[in-house]
Every structure is written in structure tokens, then in C-alpha cells.
Amino acid sequence: MLKEEVSRELRDIVGGQDYLDSPEDLVNYSYDAYLPEARPDAVLLPRSTEQVASIMRIAHRESIAVTPRGAGTNIVGGTVPMRGGIVLCFTRMNRILEIHPEDRYAVVQPGVVNAQLQSAVARFGLFYPPDPASLNVSTIGGNVAENAGGPRAVKYGVTRDYLLGLSVVLADGRIIQTGGRTTKNVTGYDLTALFCGSEGTLGLITEIVVRLICKPEAQRSIQAIFSDLDGAGQAVSKIMAAGIVPVALELMDSTVIRLIEESQKVGLPVEAEGLLLIQVDGSEENVMGEAQKVAAFCQENGAREVRVSKDPKDEELLWFARRSAFGVMARARPNCIVEDVTVPVSKLPAMVRSIVALAKARGVTVGVLAHAGDGNMHPLILFDRRDPQEWKKVESFTRDLFEKAVEFGGTLSGEHGIGMAKHEFLPMVMNQETRELIRQLKACLDPKGILNPGKFV
Ligand SMILES: Cc1cc2nc3c(=O)[nH]c(=O)nc-3n(C[C@H](O)[C@H](O)[C@H](O)COP(=O)(O)OP(=O)(O)OC[C@H]3O[C@@H](n4cnc5c(N)ncnc54)[C@H](O)[C@@H]3O)c2cc1C
């Protein structure tokens with residue numbers, strides 16, 4: 001519970017309509033897209049950097065826990081206010097402040113939704129590539145804090161690659177600026193990179209300068225159906241080795257294909273073992289040639305059916321199934337955990353086989369979705385949390401999964417972060433000294449440990 005006079009001070013900063021503490025509101029901000037829940041004492045929806053700084057000065061003085069929140073779509077428990085206190089939600093700081101086509105950058109507030117930024121810059125013929133599957137709801141602030149990626153990461157990289165600078169409010173209310181507005185900038189330590197992926201534990205991001213690139217002239221997608229998952233894996237290796245850099249190279253296994261088809265009726269063959277969805281882009285004259293080369297690699301490696309998109313509408317249709325995958329899987333059982341591990345690309349086919357075998361051994365239902373072009377995969381675990389036996393199996397499966405990924409030279413997360421979900425597994429990939437340095441950095445920026453406590457660090 002916040003002290004009466006403290007809650008009055010906080011209410012005065014944001015105004016009554018942006019201070020929530022009714023039981024209904026507190027429930028709404030007590031969970032995200034992972035499993036656990038915890039109630040905050042109050043939810044504040046600031047509208048400016050100055051308001052955020054004033055809130056933090058009070059939180060610091062009173063040692064109140066502060067959990068930053070964008071759209072709450074993270075899948076690692078990153079926005080669950082485990083120690084109560086304040087949820088600081090950025091959805092009302094949702095303005096695109098500047099777009100500079102000539103210098104190719106934009107300045108945005110953290111609550112801007114990713115898809116809104118993408119369409120705003122597209123009007124100037126510009127392109128903001130990071131495209132998490134949650135792009136229609138997730139915020140740029142959340143994307144920066146998680147260093148979010150998406151299918152296009154194979155060619156265009158992740159959120160970090162499009163950051164020029166940030167405004168950040170530190171735990172004690174000081175406001176700092178990192179980076180700047182130029183493409184080249186090596187003045188001092190790369191603090192922008194430090195805050196990117198810090199999951200709300202080091203500072204509150206209140207303004208973001210993003211780098212933009214020119215929108216490619218044309219794109220084509222290729223859908224290839226395989227009776228055998230190994231063939232799909234070989235096709236991926238061949239495409240990557242041929243020097244083609246696809247925008248996206250996505251893989252789905254039989255469980256995902258079957259569940260999508262049962263729910264969406266998009267004409268996917270339910271008996272197929274694997275599906276590749278590959279996108280290429282570039283100039284109008286080159287793009288069709290590349291699409292045909294990709295189609296040929298798929299056929300040579302056992303694809304029984306290959307389709308190349310003819311126009312933008314066709315393109316949308318091919319991607320519809322992939323985009324609906326998470327939602328479809330989540331509806332299939334009472335609970336769904338979207339896991340996120342990455343291995344070197346060459347180990348991807350072996351890792352997919354291992355996941356299928358581990359799931360069978362543990363008796364757990366798992367579908368595999370993978371950003372195959374960058375070795376990042378999302379096993380989707382379907383279960384009923386109310387059944388303790390089933391939950392035990394899920395826990396053993398996830399531990400096996402992480403051990404296997406690390407054994408293949410991989411890591412615990414490719415794009416979703418650590419949050420509460422993977423905290424205990426960090427020693428698998430970081431030695432004692434590295435974890436100690438992270439704790440020291442955290443202590444330097446947040447000595448009272450009030451920023452998103454219990455997550456990651
Ligand atoms: C259906 C679905 C599909 C998804 N697909 C992808 C995908 O393809 N790729 C991918 O990378 N992720 C994906 N995600 C995960 C999630 O959408 C991303 O992590 C996204 O970046 C979170 O944005 P958000 O606005 O929801 O942030 P939130 O979930 O609200 O917050 C995420 C983290 O950032 C912190 N935070 C939020 N705003 C700020 C701020 N302004 N300053 C400091 N810290 C802040 C929070 O404390 C939390 O730790 C998916 C999630 C779902 C549900």
C-alpha cells in the first residue's frame with residue numbers, strides 16, 4: 001500500500017484521470033503474456049518525460065518499486081509488478097514527434113505502436129524494419145527494452161540496429177540523453193546499446209530516435225511444403241549458402257500446420273511435416289529472379305509443392321497463416337508458453353529434431369515455429385496449468401530445451417528476453433564474473449533496486 005500523502009503527490013503529478021487504483025484497474029495491470037500475476041498498488045500513465053522524472057524522484061525517495069509497461073505483450077513476465085508498488089504505463093506517451101525523410105530518422109515517444117510507426121514512415125517512402133509478430137499492438141518502448149526482432153531480422157537485423165539515440169529517466173529521476181541523430185556516432189560509450197534490451201531494469205525510456213531506411217521497391221514470398229522436415233532444413237542451408245539474403249525465412253512443423261489449418265482453413269496440407277515461408281525483396285527486376293532461385297532450391301531438396309506470390313494481395317495471404325500461428329496455438333489448450341531459443345543456423349535442423357524428440361519423451365504437446373534464417377526458434381508448449389503433473393512435465397521439457405540449445409552452441413533467448421521466466425537459467429550461458437558485472441551496473445544506475453525488481457538481474 002502506498003502511503004496516503006505519497007499517493008496524493010503522485011496523483012498531483014499526472015492528474016486524476018491518469019492515476020488508477022481501483023481494484024478492477026489493478027487487476028488489469030497485474031499480468032502480461034506469461035503466466036504469473038501480482039497486483040500493483042497504483043498505475044500511473046504519464047504524458048511527458050518531466051512527469052516520469054518527477055514520479056521517479058518520489059519513488060526513489062520512498063524506495064517504491066516501479067515496473068515499466070508498454071502494451072504488456074512480453075512473454076517473460078517482464079511487466080508483472082512482483083513487489084507491488086507502481087506500474088508506470090507508457091501508452092499515453094504515444095506521439096510520433098518528428099519524421100525527417102532527408103536525414104532518415106524519426107523521433108518517437110515510447111508508447112507509439114510499432115505498426116503505426118511503420119505506416120507513418122512508409123508515407124515518405126521510408127522503412128522501419130523491426131517487425132515482431134506483435135507489431136499491431138506492441139510499443140516501440142517495449143521493443144527497445146526487449147530488443148525485439150521479427151521475421152525480417154535475417155536481412156535487416158533487430159531493434160538495436162535501428163536506434164540512434166534515447167532519452168532515459170534514471171531511477172533517481174535524472175534525465176539523460178544517449179547517442180544522437182546521426183547515423184555515425186562514436187562519441188563515448190554506447191549507452192544506447194546498454195539500455196536496449198535492459199528490460200526496464202536500468203532506466204525508463206521516454207524518447208527514441210530511430211534510424212530509417214529506404215523502402216525496397218518490390219517483394220515476393222515463396223511457400224514450400226515438405227513431407228519431410230529434414231528436407232526443409234537442407235533447403236534452408238542451401239539457400240543461405242548460395243549467398244541469397246532473404247528478408248525472412250520461417251519454418252513451421254506439422255503440429256503448427258495442422259492447428260492453423262483446423263482453425264483458419266487456408267488450404268495448408270495437414271499431413272505435411274514442414275512448411276517454409278521465405279520472403280525476398282529488392283528492385284523489381286531482381287526480385288523475381290531471386291524468388292525463382294529460392295523456389296528451385298526448395299524443389300531440389302524435396303519440396304512437394306512450391307508457390308511464389310504473384311502480387312501484394314497474394315503475399316498477404318501467404319503471411320496470414322504465419323501471423324495467426326501464435327493466436328491459433330494459444331487457443332488450442334488452456335495455456336501456451338511461447339519459448340525462444342537460438343542456435344547457430346547450421347544446427348537448426350538438428351535442434352528441431354531434438355525438440356520433437358524431447359517433447360515426445362516428456363509427453364508434452366509442442367509445435368515448432370522457427371525464424372530458420374537466423375537460428376531462432378519458438379517451440380510453442382500447450383498445456384493446462386491447473387494440472388500439476390502436466391506442469392511438472394512442462395518444466396522438465398523447458399530445462400531440457402535450454403540445455404540442448406546451449407549444447408548446440410546456442411543461447412536462452414533470441415528476441416523475447418529473460419524477465420522472470422528464465423532468470424534461474426542464466427548461469428547456463430553467463431559465468432559468475434559476467435553476472436556480477438551486470439549486478440554492479442544495475443547497482444550503479446539503480447542503487448535502491450527499485451526499477452523492475454526481480455527481473456533479469
Ligand atoms: C502474439 C505475440 C507475438 C510476439 N512476437 C514477437 C516477435 O516476433 N518478436 C519479438 O521480439 N517479440 C515478440 N513478442 C513479444 C513482445 O511483443 C515483445 O517483447 C515486445 O517488444 C513487447 O512490447 P510491449 O510494448 O508489449 O512491452 P511490454 O510487454 O509492456 O514490456 C516489455 C519489457 O519492457 C519494459 N518496458 C516497456 N516499456 C518501457 C520503457 N518505456 N522504458 C523502459 N522499459 C520499458 C517492461 O518493463 C518489460 O520488461 C510477441 C508477443 C506476443 C504476445
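Helix H8 passes helix H10 in a right-handed crossing. This comes from a predicted model. H8 covers residues 229-241, and H10 covers residues 284-300. The two pack at an angle of about 145°. Their axes are 8 Å apart.

Which residues make the contact? H8 supplies Ala235, Lys238 and Ile239. H10 supplies Val294, Phe297 and Cys298. Sorted by class, the contact of H8 with H10 has 5 nonpolar residues and 1 charged residue.

## An open sheet

Now to the strands. Strands of a sheet pair through backbone hydrogen bonds, either parallel or antiparallel.

Here, 5 strands form an open sheet. Their order is E5-E6-E10-E8-E9. The pairing is antiparallel. Which strands sit at the edges? They are strand E5 (96-100) and strand E9 (175-179). Each of these edge strands pairs on one side only. From one strand to the next, the twist averages 10°.

Strand E8 spans residues 163-169, and strand E10 spans residues 204-211. How many bridges join E8 to E10? There are 6, and the two strands run antiparallel. One example involves Ser167: its bridge partner in E10 is Glu207.

## A helix across the sheet

Helix H4 (residues 114-122) lies across E5, strand E6 (105-108) and E10.

Notes. Residues numbered from 1 in each chain as written. Predicted model: local features only at pLDDT ≥ 70, side-chain atom pairs only at ≥ 80, totals over all residues. Heavy atoms only, no water. Pairing = 2+ DSSP bridges. Helix = DSSP H or I, 4+ residues; strand = E, 2+ residues; numbered from the N terminus. Axes fitted to C-alpha atoms, helices over the stretch in contact; angles between N-to-C directions. Contact = heavy atoms within 4.5 Å. Left-handed = near helix turned anticlockwise from the far one by under 90°. Nonpolar A, V, L, I, M, F, W, Y, C, P; charged D, E, K, R; others polar.
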